[in-house]
Amino acid sequence: VISRWLGEALSLESSQVNNIYLAGLLHDVGKIGVSEAVLCKPGLLVEQEFDQIKRHPQIGKNILGGIRQMRDVTPAVLTHHERFDGTGYPHRLSGEEISLEARIIAVVDAYDAMTTDRPYRPAMSRERAVAELRAGAGTQFDPEVVEAFRRAYKNGKISSEEQ
């Protein structure tokens, strides 16, 4: 829901907004190829475990890649863990090399992760999560997408029920 709203707030075409929505729903489908022990580990991951996690975007692309109707969704699934500064994975893309759909999903996914209890830490407040997104603007996240998210949050368009 939030990813769809951000697409609309950024004046994207309805087909692109729909692709963002679908990619948002399916972006982590590749985690079915990652060990449950790694996914549910309560502590910090060791390097080999994190390497398993980093495979999930490619696995997701492989799963969806054979479905003609998902052709426009798979690039965002593959690149949603790229970082705006080029230090992400799997291809170390930066800035606008990363599709806008993936940049939107990255912000919404991070917000959801931060505001949801995880095996390794409790959820943080929504206010703190927004502050973390703003702190990551320009490095981890696209500043334009973070600003649109911040405006939506400030205007009450983002609530915990919409995640």
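Colleague: Is Asp-109 buried or exposed?

Modeller: This is a predicted model. Asp-109 has a relative accessible area of 16%. Buried means under 20%, so Asp-109 counts as buried.

Colleague: Which residues is Asp-109 in contact with, leaving aside its neighbours within four places in sequence?

Modeller: Asp-109 sits in helix α7, which covers residues 100-114. Contact requires heavy atoms within 4.5 Å. Once the sequence neighbours are set aside, the partners are His-27, Asp-28, His-80 and His-81.

Colleague: Which element gives the most to the lining of the largest pocket?

Modeller: The largest pocket has a volume of about 960 Å³. Of its 29 lining residues, the closest to the centre are Lys-31, Phe-50, His-81, Ala-113 and Tyr-120. At least two lining residues come from each of α3 (36-39), α4 (47-53) and α7. With five residues, the top contributor is α7.

Colleague: How many residues of that lining are charged?

Modeller: The lining of the largest pocket includes 14 nonpolar residues and seven polar ones. The charged residues number eight.

Colleague: Which helices do the buried residues of α9 pack against?

Modeller: Helix α9 spans residues 143-154 and reaches 16 Å from its first C-alpha to its last, close to the 16 Å expected. Its buried residues include Val-145, Phe-149 and Tyr-153. The buried residues of α9 pack against α1 (2-9), α7 and α8 (126-135).

Notes:
Residues numbered from 1 in each chain as written. Predicted model: local features only at pLDDT ≥ 70, side-chain atom pairs only at ≥ 80, totals over all residues. Heavy atoms only, no water. Helix = DSSP H or I, 4+ residues; strand = E, 2+ residues; numbered from the N terminus. Buried < 20%, exposed > 50% of the residue type's maximum accessible area, 1.4 Å probe, protein only. 1 Å grid on protein atoms, 1.4 Å probe; cavity = no way out; pocket = protein on both sides within 12 Å on 5 of 7 lines; lining within 4 Å. Points joined across faces, edges and corners; volume = space filled by probe spheres on them. Nonpolar A, V, L, I, M, F, W, Y, C, P; charged D, E, K, R; others polar. Expected span 1.5 Å × (residues − 1).
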